[in-house]
Amino acid sequence: MNQALVQTLSASIYAVRHRELGLLYVGKTRYSRERFRDGHKALLWSWLDLYTPEDIRLLLYPLDFVQLQTLSSSLEAIIIAAAQPPYNARYPARD
């Protein structure tokens, strides 16, 4: 199977980034492909904020099963605390 396709099907930490403004949103998912199938609130909010699509990028960092189970929540929280992405701040994280 194509390596890029395998990565899109896997668990990941992901970020939505603006070219000049930096991180807009950070999240985690078990199934990357499913997470973005019907859109994502960060992509909608960037559209509502009138950002051009050329300025918005999505980064997926694949995680294996062990990383997903042991690191994903901690890593997501650390990145959010350090970068304070504005789209994560609109609604507090649910536990």
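1. Start at the loop between α5 (72-83) and α6 (86-89), which is where Q84 lies. Helices here are DSSP runs of H or I with at least four residues, strands are runs of E with at least two, and both are numbered from the N terminus. Q84 isn't a glycine, yet its phi is positive, about 45 degrees. Q84 is also exposed, with a relative accessible area of 62%; exposed means over 50% relative accessible area, buried under 20%, and partly exposed in between (1.4 Å probe, protein chains only).

2. A quick word on what you're looking at: this is a predicted model, where local features need pLDDT of at least 70 and side-chain atom pairs count only at pLDDT 80 or more, while totals for chains, interfaces and linings use all residues. Residues are numbered from 1 along each chain as its sequence is written, and side-chain values use heavy atoms, with hydrogens and water left out.

3. L50 is another non-glycine residue with a positive phi, near 65 degrees. You'll find L50 in the loop between α3 (41-48) and β3 (56-62). Buried or exposed? L50 counts as exposed, at 73% relative accessibility.

4. Now the sheet. It is open, has 3 strands in the order β2-β1-β3, and the pairing is antiparallel; two strands count as paired if DSSP finds at least two bridges between them. β2 (22-29) and β3 are the edge strands, each pairing on one side only. Ignoring direction, neighbouring strands of the sheet are turned by 20 degrees against each other on average. Such angles run from 0 to 180 degrees between N-to-C directions, with axes fitted as lines to C-alpha atoms (for helices, over the stretch in contact).

5. Within that sheet, β1 (residues 12-18) and β3 pair in the antiparallel sense over 7 bridges. α3 touches β1, β2 and β3, and its direction makes about 160 degrees with that of β2. α5 touches β1 and β2, at about 165 degrees to the direction of β2. Contact here means heavy atoms within 4.5 Å.

6. Which aromatic pairs are worth a look? The structure holds 3 of them, and one is Y14 with F36: the ring centres are 5.0 Å apart and the planes are at 80 degrees, so the pair is edge-to-face. (Rings of Phe, Tyr and Trp, the last by its six-membered ring, pair if their centres lie within 6.5 Å; planes under 30 degrees apart are stacked, over 60 edge-to-face, and the rest tilted.) This pair links distant parts of the chain, with Y14 in strand β1 and F36 in helix α2 (residues 32-37), 22 residues apart. Y14 is buried at 2% relative accessibility, and F36 is buried at 18%.

7. W45 and Y87 make another edge-to-face pair, 5.6 Å centre to centre with 80 degrees between the planes. W45 sits in helix α3 and Y87 in helix α6, 42 residues apart, so this pair too links distant parts of the chain. W45 counts as buried at 11% relative accessibility, as does Y87 at 3%. Separately, Y14, Y25 and F36 form one aromatic cluster.

8. Which residues make up the largest nonpolar core? There are 9: Y14, V16, L24, Y25, F36, A42, W45, I56 and Y87. The term covers buried Ala, Val, Leu, Ile, Met, Phe, Trp, Tyr and Cys residues joined through side-chain atoms within 4.5 Å. Leaving out residues up to four places away in sequence, F36 touches Y14, L43, L58 and L60.

9. H18, in strand β1, is buried, with a relative accessible area of 5%. Its side chain reaches the backbone nitrogen of L21 at 3.1 Å. That is a polar contact: a pair of N or O atoms within 3.5 Å where, within protein, one must be able to donate a hydrogen and the other to accept it, and residues adjacent in sequence count only if both atoms are side-chain atoms. Not counting residues up to four places away in sequence, H18 touches L24, Y51, D55 and I56.

10. Last one: T29 in strand β2, buried with a relative accessible area of 10%. The T29 side chain reaches the backbone nitrogen of Y31 at 3.2 Å. Beyond four places in sequence, T29 touches A11, S12, Y14, R35 and L68.
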